[in-house]
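Colleague: I'm new to reading models like this one. Could you walk me through some contacts?

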Amino acid sequence: MSSPAPPPGAPEEPSSPVVVAREVVREYRMPGGTVRALRGVSLEVPRGAFLAIVGPSGCGKSTLLHLLGAVDLPTAGAVTLLGRCTSELRDGELSRLRLRHVGFVFQRFFLLPMLTAEENVALPMMEAGVPAPLRRERTRALLDRVGMLPRARHRPGQLSGGEMQRVAIARALANAPDLVLADEPTGELDEATGREIVQLLREVSRDGRAVVMVTHNPDLAALADRQVRMRDGTIL
Amino acid sequence: MLRRLALVLLLGLVLGPGAPLRAGPLPGVAVSERAARSLGLGPGATLEVAPTPAGPWRRVRVEEVYRPVLYPSEVTDRRVELRWHLPDLQDLLGGADEVDSIVLRLRDPGAAGEVAARLNAASLGFRAYTSGDLARRNSSTFEVIARFHRAISVVAVLASSVFLVVLMALRGEELRRPVGVLRLLGVAPRHVAGAVLLLASGVALAGSLAGVGLGFVLSLSINLYYRRAFDTELVFSRVTPELVGEVLVLSVILGIATGALVAWRLLGRPPLDQVGR
Amino acid sequence: MASLVFLALRGLLRSPARTALVLAGLSVTGALLLDMSMLAGGLQASLGAVLSRLGFAVRVVPRGTLPFSGDVEIPDGVALARAIAARPGVAAAIPVVGTNLYVRAGTRLVPSFALGVPGGGSGAYAVLWGRDLPPGGSSPESGPVPVVVNRLMETLDGVRVGETLLLARSAGPAPAAGGAPEVARVVGVGDFFFDLAAQRSLAIDLRDLRRIQGRPVGGASLILVRMSDPARAEELVRWIDAHAEGADALSIRGFLARAGSRLTYFTQFSLILGTTSLLVSFLLITAIVTLSLGERLGEIAVLRAVGMTRRRIAALVLLEGVALSLASLPGAFSLGLLIGRDLDALLRSAPAVPENLHFFTLTPMAALRTVLLVLGTGTLAGVYPGWVAARLGVAATLHGEVLT
């Protein structure tokens with residue numbers, strides 16, 4: 001399914017979902033044969049929703065997340081992000097879409113080690129061309145929001161896992177995205193810290209952003225508004 | 001064929017044991033191969049020669065074309081070289097009984113040093129040198145060039161040593177986790193160090209062998225090119241067994257030194273740190 | 001662009017020790033490149049500088065030669081010099097004869113180079129102390145022939161101002177062809193500009209020298225021309241070439257071109273070694289950037305996920321190569337100048353190299369060429385790793401990073 005791109009400047013309808021997946025299939029050709037990571041998955045993510053995708057390891061959760069975030073493209077089916085079919089966009093357009101409308105939080109944090117916390121958060125804004133004074137102001141606000149303002153000048157190597165993940169969340173929010181995708185954000189953290197992180201993601205969704213979290217931890221998944229269970233590349 | 005020829009340098013060499021090359025009324029000369037080729041001369045051709053551009057001009061006949069043995073410093077010379085019977089050349093230059101040098105053949109060549117010393121002691125207004133002395137004096141420029149080349153090679157070895165250290169440092173980073181795992185499993189540090197030393201030496205040796213091969217090919221190309229360019233049989237570049245041996249020994253030493261440095265860095269950290277806790 | 005530069009520079013600081021090591025390697029290869037750039041035209045640049053300082057814009061030599069490269073002379077050189085001096089834009093035309101003489105100072109017999117000039121003030125040498133030759137030359141009746149000797153004759157042979165010397169064409173009895181020894185008096189000590197390391201030189205009036213040689217005044221080994229209007233130098237060169245058979249006129253540029261054709265060894269050597277240095281730098285930067293890329297695939301994937309385009313990722317990696325090259329330049333220049341100084345001293349120890357000349361000369365062109373080549377190499381070296389980084393599969397890389 002594909003929908004026409006909205007006219008430039010036209011506001012999205014408040015009620016329209018942020019991202020829609022229709023019968024998406026994702027296959028990988030391997031030396032031993034083709035692997036079907038997703039077998040016709042359909043999903044809608046409305047604005048302001050906090051959705052948890054749960055399932056055992058290898059069920060296709062992360063693959064689905066990547067497709068929702070336009071980091072990957074489906075082999076079949078369609079993913080529509082903010083009204084635009086990702087399969088019809090060129091790489092540059094996909095990059096711009098991600099830069100302005102999608103924020104990512106990863107299990108391994110993936111902060112750039114040679115940048116401070118402040119600089120890591122500012123990076124997407126630099127890429128989007130936000131002027132320096134505004135950038136500075138927004139960065140400090142975001143770090144304050146996640147409780148990391150006192151550690152703004154510290155590099156990732158000087159932070160704990162939980163602290164790094166907070167900075168990563170702040171980075172994901174840098175360009176005020178419509179959609180935040182978190183892939184096992186608590187995978188490297190202890191139980192308590194993991195709960196704090198999920199709470200933080202919940203607050204983000206209360207701001208009106210759609211948050212999709214992949215996790216294999218059912219207790220943390222229960223903190224989300226809605227759970228989607230997957231197994232063997234399909235939604236149960 | 002008449003050719004005007006301004007002589008840049010005249011060589012007054014005796015051609016044979018007193019046998020002039022006169023054949024007919026014109027004095028006979030021998031022309032070097034290069035000159036013959038560039039001027040289109042051959043036996044029987046005539047040319048006009050003069051000590052200065054203003055003359056006096058004298059006609060001579062080419063009797064033969066010869067291939068001179070050149071000193072290395074002369075290979076780039078493009079001058080025209082003629083060999084004359086000495087009286088003919090002296091006659092051209094105004095008749096003065098003057099020569100630039102006298103060459104002696106001794107009954108006992110081993111006495112050359114003694115003869116030269118006696119001649120010099122007699123202070124007859126000239127200096128005598130043995131062939132060995134002359135060879136050394138003529139080679140002094142090339143000794144300097146040789147030292148220059150050696151200095152450059154030291155710099156090149158320095159650059160490639162740094163290159164090797166950098167590459168092995170990067171490899172060391174890649175090996176950090178596997179080494180940590182091995183140590184946790186109980187593999188002795190000395191075995192780890194040995195493996196790293198072997199790896200570094202192997203890389204250095206393999207690189208050197210490739211370099212020797214490349215150097216050999218380059219050496220052939222250099223000789224091919226310059227021999228053709230300067231029309232000479234001189235050898236400009238030579239890859240000797242001693243040189244190859246030096247290169248390989250140096251590379252193994254550098255490899256071991258680099259490997260030791262990397263191993264020291266690897267084994268200096270606790271295994272748990274290496275696997276990233 | 002600013003964000004890419006920022007990230008590239010910060011990338012260099014990721015591992016300071018490793019970066020320092022790479023920069024050390026690049027500094028050495030860059031130094032070698034600078035040295036080869038200096039060598040490529042160094043001797044010519046040095047010669048050109050000396051020639052320009054002397055103040056003679058045109059030199060006239062026997063056809064096909066360089067000054068004092070043999071015994072050949074310009075026929076009627078003195079008359080030609082007079083004709084040249086009458087040309088527009090010419091301040092002076094000085095005929096000079098150069099030959100070898102033997103100098104007896106006390107019990108020592110020293111082979112010397114004798115420069116015959118038409119009296120003092122010629123500018124062919126500079127008087128350091130004492131006085132110059134008399135302006136109009138000396139007459140045979142005025143006693144010993146005045147000469148100006150070089151510093152080496154003073155320091156090595158103990159010749160002093162006021163001392164008497166005996167000058168002769170040969171070390172032995174006078175040759176039958178004419179010329180006789182002359183008694184000379186040292187009136188001054190001078191700098192002869194192109195003296196070799198152990199060379200003795202003296203300046204003497206042209207007519208006195210011809211008398212010693214047993215040759216008439218008329219020919220010249222060289223004519224030095226000083227221009228009142230240097231812009232007319234090339235015009236004068238053309239006039240001399242057209243009117244003087246047996247002589248070549250060389251402006252400074254022409255002189256250097258002729259000298260350059262005899263220095264092909266250094267040009268070719270510097271080309272070969274310079275190319276090798278570039279190749280090593282290229283390999284070093286490519287290897288470092290590619291290998292370090294392998295260590296941070298996850299970061300690259302995240303930058304792509306954040307929204308950086310493939311093109312900008314490639315540009316970032318390319319910039320890292322450029323940044324490495326740029327950072328290596330100060331070290332390359334410092335080391336290159338040090339090494340060049342030592343290599344220059346080594347080459348200048350060769351025989352027949354005048355003391356005032358240098359093989360390794362830092363000219364603006366040599367410096368610019370080095371900078372451009374180093375930066376160009378850094379750019380090219382970043383192309384392959386940049387291409388690899390741009391083609392990275394984001395999702396697959398992120399997945400792979402999690403697994404490892």
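Modeller: G161(A), G162(A), Q165(A), R166(A) and I169(A) of α5(A) meet T193(A), E196(A), I197(A) and L200(A) of α6(A). Two residues are in contact if their C-beta atoms, placed from the backbone, lie within 7 Å. Helices (H or I, at least four residues) are DSSP runs, numbered from the N terminus. The model is predicted: local features need pLDDT of at least 70, side-chain atom pairs count only at pLDDT 80 or more, and totals for chains, interfaces and linings use all residues. Residues are numbered from 1 along each chain as its sequence is written, while chains are lettered from A and ligands numbered from 1 in the order in which they are written.

Colleague: At what angle do the helices α5 and α6 of chain A pack?

Modeller: About 10°, with their axes 10 Å apart. Axes are lines fitted to C-alpha atoms, for helices over the stretch in contact, and angles run from 0 to 180 degrees between N-to-C directions. α5(A) and α6(A) are therefore roughly parallel to each other (angles under 35 degrees).

Colleague: How many residues does the contact take from chain B and from chain C?

Modeller: Chain B gives 32 residues and chain C gives 38 residues. On the chain B side, helix α4 (residues 131-185) supplies the largest share, 18 residues.

Conventions: Helix = DSSP H or I, 4+ residues; strand = E, 2+ residues; numbered from the N terminus. Parallel < 35°, antiparallel > 145°, perpendicular 65-115°, else oblique.
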